[in-house]
Amino acid sequence: MKIFKLIYKNTLRHPLRTILTILGIAVAVFAFGIIRTIIDAWYAGVEASAQNRLVTRSAVSLVMPLPLSYREQISKLPGVLKVGNANWFGGIYKDPKNFFANFAVDENYLDMYPEFIVPADQREQYLKERNACVVGRKLAEKYGWKVGDRVQLIGTIFPGDWDFIIRGIYRGAEKGTDETAFLFRWDYLNERVREMSPDDADNVGWYMVQIAGNADAAAMSQQIDTLFKNSFAETLTETERAFQQSFVAMSGTIILAMRVISIVVIFIILLVLANTIAMSARERLSEYAVLKTLGFRPFHLIGLISGESMLIALLGFVVGMILMIFAVQGLGVFINENLGSFFPVFELKDQTIVMAFGAAILVAVVAALFPVWRAVKMKIADGLRQIG
Amino acid sequence: MKIPLSYSFRNLWTRRLTTILTMLGVALVVFVFVASLMLADGLKKTLVSTGLDENVIAIRRSSQTEVQSGVNREQANILRAAPEVETKPDGTPVVTNDMVVLISLPKRVSQQPSNVVIRGVSPLAMEMRPQVKLIEGGLWKTGTQEIIIGKSIQQRFEGCDLNGTMRFGSTDWKIVGVFDAGKTGFDSEVWGDADIIAPAFRRDGFSSVTMRLRPGADVEALKTRIESDPRLTVELKREKQYYADQSRTLALFINILGTLVSVVFSLGAMIGAMITMYAAVSNRTTEIGTLRALGFRRRSVLGAFLFEAILLSFLGGLMGVAASSLMQFVRISTTNWDTFAELAFHFNVTPGIILSGVAFAVVMGIVGGFLPAIRASRLKIVDALRSA
């Protein structure tokens, strides 16, 4: 038990140094957590996707449309429960900076997304009106929209000004559900496109295919793609999860860079802590010699030095975590307001906390290695002769 | 009287382990800071150098990018007849009507699909974009299904080899040449004959019209005239500006992330420097007392310790800058969020970036070293001499 008291006393010998080290570790733990949370935000779409929904899009690329006639053909396949079609609209609200996802969806779409909760009366209204739209709760909050408000979007892909009336505001069923989307009726889009350029009418951006719970997603995907093989518009079908994953993969290099940075930050913790422990151990070499003379065994010294390292690392971890929990909330508000449409979900995961804890322990052990080795190897006489 | 600078050098040398650990901390921070600046700069530079000063580009109003834009033949003919447009001796306007589509291709290493720009161009395109140079094979023969590919495409995408074939738009295309477009966006594109590529995607018309203007032509007047012409639904931009705009979102993201990470990391490094300097002061209390007793002023002691801190971080900064300038040989390729297409670019180092990296390090040294230096200068001679 004596050794714990000794560790505690040692830690307090240079209070300023200890506090600075704890702060240094806290800052690094904090940075680690923030970066991990940003990476997680990227994958939020992947996590929120369902396994029983397939996405069928053009095999050429996402910007190529598919004919509307595919809808009938896909829904006839055994195992397909429902088919919905959608088009990316890419409209701008007032200024290009106000980016949010907006797309045209058909009447089946909301049924296929049970995680978008729209009150029944609002849903009914939406289905009655041509230019109605449904928006996510966070999006509505950001721009102060209420049910019944009129909103105009400027088309980028589909030219012109487009007027919508908000008939519903949806809420996410789960924490990870995107509450920043803007959905409006596909028939409204198609109708106006037909007026402007009849050749471009009846084009679908992608199909959402709901399959029976027990169906084999891979086999079903293959079946759909075979249906349109060698036609003008060949398709590529995959699960919604794989589809979302392919979006994330597009920014793979950026995510990789962030992962590297999150590891670099652990090295910074290591440098700060290793420096402090090495410094303290160096100053106390003569004390270690005295302890050895008194009959303390090497494992006592190991415990003494690595115990101090561990104590400082853990305190740093705790302070960093507290900082992080507040920051993620604060940053969450900021991100919601400014980048909400890029990162609909921004939350601290338990996994991140566990990883930061693991990193703190590892760093504490590594930082103590060299000082421990030096203290154990040291000859008593050399130690006593040493001047700090 | 001033304390000789060699005093500070020797002190750093005496505590090598601590010095190196602290320097490494500063170096890591500077590395991250400089690398992120280089990355954002490289992205901007790549896109800015894609455009030329003498060219202007017309795309459909508020469509933002060529992929979303559409300009029909009638409008293209009105545009090319503008008197400001440069003509060849035989009277042909120097104009290219481009048809741009995205197709998704698997990457060589990861097999992950990514979007590639297919650009159908007019016969004068190569002449109008002198930065595009054929390095292998030849040009496509007009009216054939032949294409040429950029060097970055050849290196990064599966099956993109000279004399190979690519399949898109229900057609097999023969790769007859490879071009080097230097560090520009064109290097990540596939080029062919617009009159063959457009019909393959069942497109009539073009995505953009790029015109070379006569020297001294009034761009603003041309822009006003074209944008108020009721027959035209296009907007006109200088080509340089058009491409520079496409770096907006990604460059902003890299800058914000890079700055945030550097600031947080620098807190860690400054704390590291502070710990080291405080230890240096407390270990040398007697020495400081001796210096004061010899007649050195408080100011000189302050200066010597501050100089030591600055020297420490300056050397760390140099290490960081040196390491990060190696990054300029690294090429990054990722999806540009503004165009949705894969773009290859380099880390780009400029004297300004190096300077700000070193300045950042020195600031960290000053902030980290100031308080310890103050403490050193405040020591009372008698106490200091007695402390040993």
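Colleague: How do the residues of the lining of the largest cavity divide into nonpolar, polar and charged?

Modeller: They divide into 9 nonpolar, 7 polar and 4 charged. Ala, Val, Leu, Ile, Met, Phe, Trp, Tyr, Cys and Pro count as nonpolar, Asp, Glu, Lys and Arg as charged, and the others, Gly among them, as polar. Please note that this is a predicted model, in which local features need pLDDT of at least 70 and side-chain atom pairs count only at pLDDT 80 or more, while totals for chains, interfaces and linings use all residues. Residues are numbered from 1 along each chain as its sequence is written, chains are lettered from A and ligands numbered from 1 in the order in which they are written, and side-chain values use heavy atoms, with hydrogens and water left out.

Colleague: Which residues are closest to the centre of that cavity?

Modeller: Of the 20 residues that line the largest cavity, B:V117, B:E189, B:Q246, B:T339 and B:A341 are the closest to its centre. About 220 Å³ of space lies in this cavity. On a 1 Å grid over the protein atoms alone, a cavity is a set of points where a 1.4 Å probe fits but cannot get out, whereas a pocket is an open set with protein on both sides within 12 Å along at least five of seven lines; lining residues have an atom within 4 Å of a point.

Colleague: And which element gives the most to that lining?

Modeller: β12(B) gives the most, with 3 residues. Here helices (H or I, at least four residues) and strands (E, at least two) are DSSP runs, numbered from the N terminus.

Colleague: Turning to the second largest pocket, which residues lie nearest its centre?

Modeller: A:A257, A:I261, B:A35, B:L39 and B:F347 lie nearest the centre, out of 21 lining residues. The lining has 18 nonpolar, 3 polar and no charged residues. α11(A) gives the most to it, with 8 residues, and the pocket holds about 470 Å³ of space.

Colleague: Next, B:T50: where is it placed, and is it buried or exposed?

Modeller: B:T50 is in the loop between α2 (16-48) and β1 (55-60) of chain B. Its relative accessible area is 1%, so B:T50 is buried (under 20%; exposed is over 50% and partly exposed in between, with a 1.4 Å probe and protein chains only).

Colleague: What does the side chain of B:T50 reach?

Modeller: It reaches the backbone nitrogen of B:G185 at 2.8 Å.

Key: Polar contact = N/O pair within 3.5 Å; in protein donor to acceptor, adjacent residues only side chain to side chain. Points joined across faces, edges and corners; volume = space filled by probe spheres on them.
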